[in-house]
Amino acid sequence: DLQRAKDAEMAKSGFNEEEILKIKRAKADPIIAPFNGQVLYELSVEGPSSSPSVGSKYAQDDFFCYISTPWGGFEKVFVGFTGRIVEISAKQGQMVRKGQPIAYIEREKE
């Protein structure tokens, strides 16, 4: 995967994990949790659900994940712009608070 190769190259150059995250985030926009709740990337009855992969591409109006809210709703979260995932901040099933980043996506140049 291209992003992992870039990360490994940066690590070889002397950057630590925290510095690598800062650099990736500087070029990316966060997908923010609109509600408190549990992150669900997939709702699968056939097998385990998983987070999307770093490097996955999303278009402006693409669905990103659900937030299972305390009041029992499943609220959809959309991307809002075109780009590729550079970091997944919240894993499948993780609890998040409103305003917390779920992932970071680097916008594609138009």
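**Rings, strands and a buried tyrosine**

Author: A search of the whole structure finds 6 aromatic pairs, where rings of Phe, Tyr and Trp (its six-membered ring) pair if their centres lie within 6.5 Å, and planes under 30 degrees apart count as stacked, over 60 as edge-to-face and the rest as tilted. One of them is Phe63 with Phe78, an edge-to-face pair at 6.3 Å centre to centre and 75° between the planes. Phe63 lies in strand 4 (residues 63-68) and Phe78 in strand 5, so this pair ties together parts that are 15 residues apart in sequence.

Reader: Where do these numbers come from?

Author: This is a predicted model, in which local features need pLDDT of at least 70 and side-chain atom pairs count only at pLDDT 80 or more, while totals for chains, interfaces and linings use all residues. Residues are numbered from 1 along each chain as its sequence is written, and side-chain values use heavy atoms, with hydrogens and water left out.

Reader: OK, and which residues form one aromatic cluster?

Author: The cluster is made of Phe63, Tyr66, Phe74 and Phe78. The charged end of Lys76 also sits over the ring of Phe63, 5.9 Å from its centre, a label that requires NZ of Lys or CZ of Arg within 6 Å of the ring centre and within 35 degrees of the ring normal.

Reader: What is the order of the strands in the open sheet?

Author: The open sheet has 4 strands in the order 5-4-2-7, with antiparallel pairing. Its edge strands are strand 5 (74-78) and strand 7 (95-96), each of which pairs on one side only. Strands here are DSSP runs of E with at least two residues, numbered from the N terminus, and two strands pair if DSSP finds at least two bridges between them.

Reader: How many bridges join strand 2 to strand 7?

Author: There are 2 bridges between strand 2 (residues 37-40) and strand 7, and Gln38 stands opposite Met95 in strand 7.

Reader: Switching topic, is Tyr58 buried or exposed?

Author: Tyr58 counts as buried because its relative accessibility is 12%, where buried means under 20% relative accessible area, exposed over 50% and partly exposed in between (1.4 Å probe, protein chains only).

Reader: And what does Tyr58 touch?

Author: Leaving out residues up to four places away in sequence, Tyr58 touches several residues, including Pro52, Phe63, Phe81 and Ile105, where contact means heavy atoms within 4.5 Å. As for Phe81, Arg107 lies over the face of its ring, at 4.1 Å from the ring centre.
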